[in-house]
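Please look over this model with me. My notes start with the pocket and then turn to the core and the chain as a whole.

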Amino acid sequence: METIAGIQTPETGGLEILNGALCPDAREGQWLLAAALDDPHRGLAIVDRGTRVVHLTPTARRLLGLLPDMSVIGVRLADLCRRGFLDELSTSAACAAIGQTLEGRSERGLLLHGSGGARNIHMAARAIGSSHVVVTLEPVGFEAAAGRSAMRPFDVADSLTGLASRSAFESALKLAAARAGGSGIAVLLLDLDRFKAVNDTLGHPAGDAVLRLAAERLTAAVRETDTVARLGGDEFAVLLDPAPSAELTAGIAQRILEMVQRTYLIDGQLVNIGTSIGIALAAEHESPPETLMRNADLALYEAKNCGRGNFKFFDLKMDARAQARRLNELELRRALALRQFEVYYQPQVDIQKKRVVGFEALVRWIHPERGIIPPSEFLPVAEEIGIIAPLGDWVLRTACRQAMEWSADITIAVNASPSQFITGRFADTVRRVLEGTGLPGHRLEIEITEGLLLRSEPIVYQTLDALRQMNVGIAMDDFGTGYASLSQLAQFPFDKIKIDRSLSGFEGHFPKHRAIVRAIAALGESLGVATMAEGVETAEQLSRLQQDGCTAVQGYLFS
């Protein structure tokens, strides 16, 4: 510590300039001395003609993202700005402004964009004497930045929100990782849940307004030393530097969840969105920036799979699952090209007539090493990577061709995915398959899930109407799993309701399950719709379902 006018100041260095040599005006000297004392809201730096630091207050260190014990005396301000994650363009502008200030002996202000502790900093430079400049640093929000018409925007700031851009965030992360030796930092990746609905219903200007407000809330939820960035669209990232404990990091993530999901008022309209967050903590000497980003992305994927509106920390199991999923993707694409799929046919039995009246086509993946793989293990991946439509079309053609070899009173049921419907081409595909195989439309039944109807998209009902015009039957699959409403049954005349095996395929005495099955069967009878129970494996189940009013069944009891 050194003493100036009886006041102790940290790391004063060349502050003897305050004692009058460069400040002949006593009032100016008093003002400068007062400014040199730490202000929690405004940082101060004094630099010489070569922009080398003579004095830097603790607040200035914090705003620049510098460690408390870093030596700064004699270091060029530009170098400190770079260490504090300010971009090269901003730094060059700052040095040029300081030079102009010395020449013109007048105060000059400009806005520096960056990340880390220096997200957006207003820098004002004022000449003191002929060889030194006092520089004040103040954090500003993006609204303040937008209001400074004299300030030039820089590429490192996101133009919509004023947050750091993707490139600025990546630079900040690299610098933080290098400084911390690969540990002591954390990355949070998040995107907004239900944001697409805002654009679709209220328009893109409203969506932009939501993004700006979400950016405000994100910034308010973290510390000043942390970096908040918009990566693009509704994707955001947060760099916690230094990272607190895992418990405190979870607290920050929970605060973000709570703040983002609060209702937004946009042009008189109430808007509700949410977010999901993936978190990656840097392990000592093992977390380069690329790995941190990848791990956070995997954790975000996990958070979304767990229902959204939550956060997940990365763990090694996620990486193992990602590798397995990637292998599945590659093998699935290869399997489609090499025709490694087969269609199995499960009989559907009419309880009253006690005979087979149809079959359901069930696709199986015949893996050369892993054997027969059930659809529950590969269909979600096929949907995700975009091959479900060609796979579904192949199953449809194969099943219809096979049905032509059966008795003319036997039907074939084929499942259709939502992806096939929303392309708008599914009805034409069915028409071509029927014409190509010669199968009459009334012998084909398309099974759809309840979730498809929740989309409420015109193309869904247009496709259903087109199928009905071809005399193709429509069955609602997995009824009773919690998605459908009775109004949907009234909105479209289904030919069959399939009761999910979770309700029909139980053993023992479950009064509530049985009451639901009876209600569905009664509903089907009143609507003139057949009710088929899935998952029947024992004679006891068959007897019970017959008593409860189901008209048809299928399951391992028969095949």
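1. The largest pocket is lined by 44 residues, and E360, P375, L379, N415 and D477 lie nearest its centre. A pocket here is an open set of points on a 1 Å grid over the protein atoms alone, where a 1.4 Å probe fits, with protein on both sides within 12 Å along at least five of seven lines; lining residues have an atom within 4 Å of a point. Its volume is about 1,400 Å³, taken as the space filled by probe spheres set on the points, which are joined across faces, edges and corners.

2. Elements giving two or more residues to this lining include β15 (341–350), β16 (355–367), α12 (375–385) and β20 (473–479). Helices (H or I, at least four residues) and strands (E, at least two) are DSSP runs, numbered from the N terminus.

3. The model is predicted: local features need pLDDT of at least 70, side-chain atom pairs count only at pLDDT 80 or more, and totals for chains, interfaces and linings use all residues. Residues are numbered from 1 along each chain as its sequence is written, and side-chain values use heavy atoms, without hydrogens or water.

4. Buried residues (under 20% relative accessible area, 1.4 Å probe, protein chains only) make up 51% of the 559 in the protein chain. The chain has 21 helices and 23 strands.

Key
Buried means under 20% relative accessible area, exposed over 50%, partly exposed in between (1.4 Å probe, protein chains only).
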